[in-house]
Amino acid sequence: MSHSGSADACLVMELTEAVDPETEDRVERDLVRRLRARDVEVVVIDVRTPLVTTTALHLLMRLRESALAQGAALCVVARHPLARRVFRAAGLSRALRVSATMGGTQAVARGCPRPDDRPDASRGAARRARTRPSRHPGRHSPR
C-alpha cells in the first residue's frame, strides 16, 4: 500500500496490493486515517493491482460512505482490464465511478454531484421511472 497526496481539493491514494481478510483492517484503517486528515472534495483510489477481491469491493464501498459523510466524492482508477471487469461484474462501476485512467477519473470527478447537491427523492424517483431503450432486441422496456 502506498499513498500520494495531490492537488488542493483532491486526495489520491494508491492501492497496490490485493486486499484479503488478513490485510483488510490494516488497509482500511490507513485509508480512512488519510481521508480524515484532509478536507477534500474528491477522493481517488488508484487501484494498481489486477486482483480485486470481494473484500476489496466491500472495503471500497465502506470508504465511499466515509467520503460521502465527509462531503467528498469517491472515484476509482482501475488501470488493469481485469480489475475493471471485476467492478463491472459486481455492478459497482457506477457507484464507485470507475475509470481506466487518472484523466478519465478527473473527468468523472468534475461531474460528481456533491452530497448536498443530490436531487430530492421525488426527482430521483421520477428519473428512475424513465427507462432507456432496451439494448436487447425482443426485450422492451415499459414506457
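User: How many helices and strands does the protein chain have?

Analyst: The secondary structure of the protein chain comes to 5 helices and 5 strands. Here helices (H or I, at least four residues) and strands (E, at least two) are DSSP runs, numbered from the N terminus. Please keep in mind that this is a predicted model, where local features need pLDDT of at least 70, side-chain atom pairs count only at pLDDT 80 or more, and totals for chains, interfaces and linings use all residues. Residues are numbered from 1 along each chain as its sequence is written, and side-chain values use heavy atoms, with hydrogens and water left out.

User: And what pattern do they follow along the sequence?

Analyst: Reading along the sequence of the protein chain gives β-β-α-β-α-β-α-β-α-α.

User: Okay, how much of the chain counts as buried?

Analyst: Of its 143 residues, 38% count as buried. Buried means under 20% relative accessible area, exposed means over 50%, and partly exposed is in between (1.4 Å probe, protein chains only).

User: What about contacts between residues at least 24 apart?

Analyst: Take the contacts in the protein chain between residues at least 6 apart in sequence: 66% of them join residues at least 24 apart. Contact means heavy atoms within 4.5 Å.

User: Now the helices. How do α1 and α2 pack?

Analyst: Two packed helices are described by the angle between their axes and the distance between the axes. Helix α1 (residues 24-37) and helix α2 (residues 54-69) pack at an angle of about 20 degrees, and their axes are 11 Å apart. That makes α1 roughly parallel to α2. The cut-offs: angles under 35 degrees count as roughly parallel, over 145 as roughly antiparallel, 65 to 115 as roughly perpendicular and the rest as oblique. Axes are lines fitted to C-alpha atoms, for helices over the stretch in contact, and angles run from 0 to 180 degrees between N-to-C directions.

User: Which residues make that contact?

Analyst: From α1 there are Glu24, Val27, Glu28, Leu31, Val32 and Leu35, and from α2 there are Thr55, Leu59, Arg62, Leu63, Ser66 and Ala67. By class, the contact has 7 nonpolar, 2 polar and 3 charged residues. For those classes, Ala, Val, Leu, Ile, Met, Phe, Trp, Tyr, Cys and Pro count as nonpolar, Asp, Glu, Lys and Arg as charged, and the others, Gly among them, as polar.

User: Let's zoom in on Leu59. Is it buried or exposed?

Analyst: Leu59, found in helix α2, counts as buried at 2% relative accessibility. Leaving out residues up to four places away in sequence, Leu59 touches Val19, Glu24, Val27, Glu28 and Leu31.

User: Switching to loops, where does Thr23 lie?

Analyst: Thr23 lies in the loop between β2 (10-15) and α1. Thr23 is buried, with a relative accessible area of 15%, and touches Glu17 and Ala18, not counting residues up to four places away in sequence.

User: And where is Thr53?

Analyst: Thr53 is in the loop between β3 and α2. Thr53 is buried too, at a relative accessible area of 19%.

User: What about Arg38?

Analyst: Arg38 lies in the loop between α1 and β3 (42-47) and counts as partly exposed, at 26% relative accessibility.

User: Last one: what is phi of Arg97 near?

Analyst: Phi of Arg97 is near 50 degrees, a positive value in a residue other than glycine. Arg97 sits in the loop between α3 (81-89) and β5 (98-99).
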